[in-house]
Amino acid sequence: MSGYVAVAAVLGAGVLLVTAAMVVRRLLAPRAPHAAKLTTYESGVDPVGEGWAQTKVRYFVFSFLYVIFAVDAIYLFPWATVIRDADLGRASLVEMGIFIGVIVLGLAHAGRRGLLRWV
Amino acid sequence: MSDLAPWVEVVLRAVAVLAAFLVLPLIVGQTEHKVMAHMQGRLGPMYAGGFHGWAQLVADGVKFVQKEDITPARADRWVFRLAPFVALIPYLVALAVIPLSPTVVGADVDASAVLVLAVIGVGIIGTLMAGWASANKYSLLGAMRAGAQLVSYELPMVLAVASVALAAGSLSLVSIAEAWKPWWLLWQLPGAVVFLVAALAELQRPPFDMPLADSEIVFGAFTEYTGLRFAFFLLAEYAGIVVMSLLFAVLYLGGWSGPFEQWLGWLWTVLKGFLVAVVVIWLRVSWPRMREDQLQRLAWVWLVPMALLQLALTAVGVVVFP
């Protein structure tokens, strides 16, 4: 438990660090806002168009795959702590083999359907 | 430290972690300046501080504090201003739970391997916030690339760490490093390679720096940043190198085990981590940037199957040859 108190203290130290840095910056840095300075940077020309535009988010399939595998990974960690148990060891090895096998099959299917290509 | 009051100990730990967090990234950064320069037949910084430009990054920091901090008029102000902190602080927390030796550790928690992975994943939210809140086309493209990259490379990394946890039968970094034996260098080699590549990609270091690609999208999600906030993003990158290198040393190189470990102890971990950091720098100098689709393909077609294979190899090794 005391370990997590230390983690919280470190988090607090981080917040203090950035707050202190921002106070120092406020004291030292100049402030001279100017319309041209505040425009969006677009390689020297005035920004083109509005904030909204249509685009194709190409990696949504990767996000689906990621969610599936991330759930898989969550099950792997508790498995790591029980696999040495003599009663569970071999049986859990087979079970995990089946579990991972199903997911690999899914990945292979996605690959075969051409979903693992960015373009 | 057991004779101190509990709150004093907690404060001391936080201060020590903060000090390490402010010093180690600068050492890695200076090493990068010098190693990269010499690999390219240059000298690198030579003037700041006198001896071989040792104070170059301190001078850079002083310079950044004195620069004007600009928030673009179209930006989402609060999100834009908070983004650098969200990118930086997770690495501080990650550094706190990585043990340098069984006794030299900022915060000793049970499932430190899982905690480190969870915390490192938060950093990307800072990049996404920066990219979205900037209201800049380059920034948005950079943030999207960064998000896609993290989604693809988080997975092989988690699987590689799961394999080591499996081999050691523990989720604690201290127990993992204590269970380590030299022949794991061979047994866990595929996992180590996967981890190193995935770590480079998560840090968005060359050859995986499409999210920043200066020749395509200026500086990606950080295009609109100036002054100290920009410096914080850079500090986050180098703190990330420190965290990943130490993590690699603890997981795959046995951390503090080595000759005279009862006297040297944490020095071994730091030394091994430093060598890994030099390799990270070396890879930056020697590889060209990959294309976005090549990067995704590498993750899903090569790294994920390789990590799963390593997992099977580890599981069979643990059960069949206990």
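This is a predicted model: local features need pLDDT of at least 70, side-chain atom pairs count only at pLDDT 80 or more; totals for chains, interfaces and linings use all residues.
How many helices and how many strands does chain B have? Chain B has 13 helices and 0 strands.

**First stop: chain B as a whole**

Select chain B and colour it by secondary structure. From the N terminus on, its elements run α-α-α-α-α-α-α-α-α-α-α-α-α. The radius of gyration of chain B is 20 Å, close to the 20 Å given by the globule rule for 322 residues, so the chain is as compact as a globular protein of that length. Along the principal axes, the C-alpha trace of chain B spans about 60 × 50 × 45 Å. Of its 322 residues, 57% count as buried. Among contacts in chain B between residues at least 6 apart in sequence, 77% join residues at least 24 apart.

**Second stop: chain A**

Now select chain A. It has 4 helices and 0 strands, in the order α-α-α-α from the N terminus on. Buried residues make up 15% of the 119 residues in chain A.

Select residues 112–133 of chain B, which form helix H4. At 1.5 Å a residue, the 22 residues of this helix should span 32 Å, and the end C-alpha atoms are 33 Å apart, which agrees. H4(B) is mostly covered, with 16 of its 22 residues buried. Step just past H4(B) to Ala135(B), where phi is positive, at about 55°.

Move on to helix H5 (137–168) of chain B. Are the residues of H5(B) mostly covered or mostly uncovered? They are mostly covered: 32 of the 32 residues are buried. Just after H5(B) comes Gly169(B), with a positive phi of about 70°.

A cis peptide bond joins Pro206(B) and Pro207(B), with omega at about 5°. Gln204(B) is found in this loop between H8 and H9 as well. Its phi is near 55°, a positive value in a residue other than glycine. Is Gln204(B) buried or exposed? Gln204(B) has 24 other C-beta atoms within 10 Å, and a residue with 20 or more counts as buried, so Gln204(B) is buried.

Continue to Val218(B), in the loop between H9 and H10 of chain B. Phi of Val218(B) is near 60°, again a positive value in a residue other than glycine. Val218(B) counts as buried, with 20 C-beta neighbours inside 10 Å. Then select Gly50(B), in the loop between H1 and helix H2 (56–65) of chain B. Gly50(B) is exposed, as 9 other C-beta atoms lie within 10 Å. A distance drawn from Gly50(B) to Leu18(B), 32 residues apart along the chain, shows a C-alpha separation of 27 Å.

Display both chains and turn to the largest nonpolar core. Which of its 138 residues touch the most other members? They are Val10(A), Leu95(B), Val243(B) and Phe248(B). The largest share of this core, 22 residues, comes from H5(B). Select Phe248(B) next: leaving aside its neighbours within four places in sequence, this residue is in contact with Phe195(B), Leu196(B), Ala199(B), Leu253(B) and Val276(B).

**Last stop: the contact between the chains**

Finally, select the residues where the two chains touch. The contact takes 57 residues from chain B and 53 residues from chain A. On the side of chain B that touches chain A, at least two residues each come from helix H1 (6–39), helix H3 (77–97), helix H5 (137–168), helix H10 (227–252) and helix H13 (292–320). H13(B) gives the most to this side, with 11 residues. Coloured by class, the side of chain B that touches chain A has 37 nonpolar, 9 polar and 11 charged residues.

Notes. Residues are numbered from 1 along each chain as its sequence is written. Chains are lettered from A and ligands numbered from 1 in the order in which they are written. Two residues are in contact if their C-beta atoms, placed from the backbone, lie within 7 Å. Ala, Val, Leu, Ile, Met, Phe, Trp, Tyr, Cys and Pro count as nonpolar, Asp, Glu, Lys and Arg as charged, and the others, Gly among them, as polar. A nonpolar core is a set of buried Ala, Val, Leu, Ile, Met, Phe, Trp, Tyr and Cys residues joined through C-beta atoms within 7 Å. A residue is buried if 20 or more other C-beta atoms lie within 10 Å of its own, exposed if 12 or fewer, and partly exposed in between; C-beta atoms are placed from the backbone. The expected span of a helix is 1.5 Å times one less than its number of residues. The radius of gyration is taken over C-alpha atoms; the globule rule is 2.2 Å times the number of residues to the power 0.38.
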